[in-house]
Amino acid sequence: MYAVVERGTAVPPSRQIADVLRGRIGSGEYGPGSALPSILALAQEFRVTTNTVRKALRILKDEGLVESVPGYGTFVRK
């Protein structure tokens, strides 16, 4: 399944991805303590580069929604 990132809008792709992931966290699809898909898997899902996904995850980290554990992945904060 691919999620749609709209190109050529005022909202950057990284912000769009962060919005989608925030919604999934809010809905419980990714519950507290659960791992988000890998950066590569998210890049493939959204059809963007891994750098764009990293920017999106940085937005969520800055908001305090997720945390990264080096070597393990990105997890929803409890």
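Which element gives the largest share of the lining of the largest pocket? I opened my notes on this predicted model with that point. I found that the largest share, four residues, comes from α3.

**Entry: the largest pocket**

I looked up the volume and noted about 170 Å³ of space in the largest pocket. I then listed its lining: Ile39, Arg54, Leu57, Arg58, Lys61, Ser68, Val69, Pro70, Gly71, Gly73 and Thr74. Two or more residues of this lining come from each of α3 (50–62), β1 and β2. I sorted the lining by class and recorded four nonpolar, four polar and three charged residues.

**Entry: the hairpin**

I turned next to the two strands named above. I noted that β1 covers residues 66–69 and β2 covers residues 73–76, that they run antiparallel, and that four bridges join them. Which residue of β2 is the bridge partner of serine 68? I found threonine 74 in that place. I also saw that valine 69 stands opposite glycine 73 of β2. Serine 68, valine 69, glycine 73 and threonine 74 are among the residues that line the largest pocket. Between the strands of this hairpin I recorded three residues, and glycine 71 has a positive phi near 85°. Gly71 also belongs to the pocket lining.

**Entry: α1 against α2**

I looked up how helix α1 (residues 13–27) packs with helix α2 (residues 39–46) and noted an angle of about 110°, with the axes 12 Å apart. The angle falls in the range of 65 to 115 degrees, so α1 is roughly perpendicular to α2. On the α1 side, I listed Ile17, Val20, Leu21 and Arg24 as making the contact; on the α2 side, I listed Leu42, Glu45 and Phe46. By class, I recorded five nonpolar, no polar and two charged residues in this contact.

**Entry: α2 against α3**

At what angle do α2 and α3 pack? I noted about 105°, with the axes 9 Å apart. The two helices are therefore roughly perpendicular to each other. I found that α2 contributes Ile39, Leu40, Leu42 and Ala43 to the contact, while α3 contributes Thr50, Val53, Arg54 and Leu57. I counted this contact by class as six nonpolar, one polar and one charged residues. Leu42 of α2 is also listed in the contact with α1. Ile39, Arg54 and Leu57 are among the residues in the lining of the largest pocket.

How values were computed. Residues numbered from 1 in each chain as written. Predicted model: local features only at pLDDT ≥ 70, side-chain atom pairs only at ≥ 80, totals over all residues. Heavy atoms only, no water. Pairing = 2+ DSSP bridges. 1 Å grid on protein atoms, 1.4 Å probe; cavity = no way out; pocket = protein on both sides within 12 Å on 5 of 7 lines; lining within 4 Å. Points joined across faces, edges and corners; volume = space filled by probe spheres on them. Nonpolar A, V, L, I, M, F, W, Y, C, P; charged D, E, K, R; others polar. Axes fitted to C-alpha atoms, helices over the stretch in contact; angles between N-to-C directions. Parallel < 35°, antiparallel > 145°, perpendicular 65-115°, else oblique. Contact = heavy atoms within 4.5 Å.
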